[in-house]
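I opened the model to look up a few things about its chains and helices. My notes follow.

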Amino acid sequence: MSKSCLVVDDSKVIRKVARHILESMAFSVDEAADGQEALTFCRANRPDVILLDWNMPVMSGMEFLGAFNDLDFGRDDRPRVVFCTTENSIDHIRAAIEAGADEYVMKPFDRETLEGKLQLVGVA
Amino acid sequence: MMGGTASESAYRVLMGVLESRTGQTLSPNRIWRIEMSLKPVMQRHGIGDLDALVAALVTSNSRQLLDDTVDAMLNNETYFYREHSVFDDIANSALEHIHRINLRERRLTIWHCGVSTGQEAYSMAMLLAEQDSKWAGWRVDIVGTDVSYHAVGRARVGLYSQFEIQRGLPVQRMVRWFDQTEAGWLAKADLRRRVDFSVQNMLIDRPPLAAPADLIFCRNLLLYFSLPMRQKAFARLRAVAAPQSFLILGAGETVLGQTDQFVASPRLRGLYEPADQQVRHSPIASQAAA
């Protein structure tokens, strides 16, 4: 069965690039343009992994993560969260880890980097 | 024509230089890249094309030009925790085994042969540092060698670009073991001091090991050698391997049909052991049975 990924990014181009890479890795892909859309999606669905931008209108990636952590996915069933952002400072990275991110991709990224990170969180 | 615009004899000379200096041969799929790889070297030395480069190599006696030329033709591809399941196997099984058999000497020696820019050796150093209590009181030596002086120079500095630092390295380890600087991600002093790097030709030089190696990484290097050179390389690896040790090759590499010095480990899939020792001991199996 193919794995599923929710791509959360306000940039249509980034979503398209991520979708292209993920589909070539046999992921089924859903998209959300901000944290609020992503949260609504996650209340009804359980993707295997969430690729999460930091800066977005309506609800940022960090705000999403705070609310997402309150959702009940059952033990050991929490989707993995991989930040994918231009916020590349070590302070941002530390904050994301503390907030519960499983991995971190600094933009710009390529297929190999993304694939490696998805392997590290056990979904590829 | 073998590659781009240069004469065939120029390519032959360059391939000969590479082989005589490193033992490596250029496969057809790397020959076409020679001109591109050497472009920065030619620019640096004010040389117009490959024929002129060969002429300069033959006539100038410039050690720097020779080193730069050879370096540029090497493939320095590497990344952190490459084929990470190999590192899981090493952490979970091979190190356990070595810990048991070396308990009296309390010594662990690891050789990364063809270490390139250092990511593989630092990967092991981080892994071992995170098992600090297990190795407390042990002498742990991690030695990385490579024929490329440029790669070894980079390994010693331990500075990686954003692209390099993201390849294979879990983010938790990245923030623990590296500092973000304006120039890139710099390995912390506490990590750098755990690894020694030196420039060596593994076909000629004896690696600077204080004891026989318990773990030898030689991944994606032997594939660039001709069969006779590969056989010589295996003999050299065997010469410094501890009796009960493990050899780790690249994913597409094997000892089958290449050497009788090492055989596939019956305990750890994908790892190899010295052939003359392998049948005499079966500590993991016997421990499990005991």
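I started with helix α7 (residues 119–129) of chain B. Eight of its eleven residues are buried, so I note α7(B) as largely enclosed by the rest of the structure. Buried here means that 20 or more other C-beta atoms lie within 10 Å of a residue's own; 12 or fewer is exposed, in between is partly exposed, and C-beta atoms are placed from the backbone. The buried residues of α7(B) are Gln119(B), Glu120(B), Ala121(B), Tyr122(B), Ser123(B), Met124(B), Ala125(B) and Met126(B). Helices (H or I, at least four residues) and strands (E, at least two) are DSSP runs, numbered from the N terminus.

For the record: this is a predicted model, in which local features need pLDDT of at least 70 and side-chain atom pairs count only at pLDDT 80 or more, while totals for chains, interfaces and linings use all residues. Residues are numbered from 1 along each chain as its sequence is written, and chains are lettered from A and ligands numbered from 1 in the order in which they are written.

Next, helix packing in chain B. I looked up helix α3 (residues 34–44) and helix α5 (residues 63–73) of chain B. Their axes come within 9 Å and cross at roughly 150°. That makes α3(B) roughly antiparallel to α5(B). The axes are lines fitted to C-alpha atoms, for helices over the stretch in contact, and angles run from 0 to 180 degrees between N-to-C directions. Under 35 degrees counts as roughly parallel, over 145 as roughly antiparallel, 65 to 115 as roughly perpendicular, and the rest as oblique. The α3(B)–α5(B) crossing is right-handed. Right-handed means that the near helix is turned clockwise from the far one by less than a right angle, left-handed anticlockwise.

From α3(B), I listed Ile34(B), Ser37(B), Leu38(B), Pro40(B), Val41(B) and Arg44(B); they meet Asp68(B), Thr69(B), Ala72(B) and Met73(B) of α5(B). Contact means C-beta atoms, placed from the backbone, within 7 Å. By class I get six nonpolar, two polar and two charged residues. Ala, Val, Leu, Ile, Met, Phe, Trp, Tyr, Cys and Pro count as nonpolar, Asp, Glu, Lys and Arg as charged, and the others, Gly among them, as polar.

How does helix α4 (residues 50–60) of chain B cross α5(B), and at what angle? The axes come within 9 Å and cross at roughly 140°. That makes α4(B) oblique to α5(B). The crossing is left-handed. Leu53(B), Ala56(B), Leu57(B) and Ser60(B) of α4(B) contact Leu65(B), Leu66(B) and Thr69(B) of α5(B). These residues divide into five nonpolar, two polar and no charged.

Then the contact between the chains. It takes ten residues from chain B and 15 residues from chain A. On the chain B side, α9 (162–166) and α10 (171–177) are the elements that give two or more residues.

Last, chain A. I found five helices and five strands, running β-α-β-α-β-α-β-α-β-α from the N terminus. Its C-alpha trace spans about 35 × 30 × 25 Å along the principal axes. Of its 124 residues, 40% count as buried. I also checked Thr40(A), in helix α2 (residues 35–44) of chain A. Thr40(A) has 11 C-beta neighbours inside 10 Å, so I log it as exposed.

Notes. Contact = placed C-beta atoms within 7 Å.
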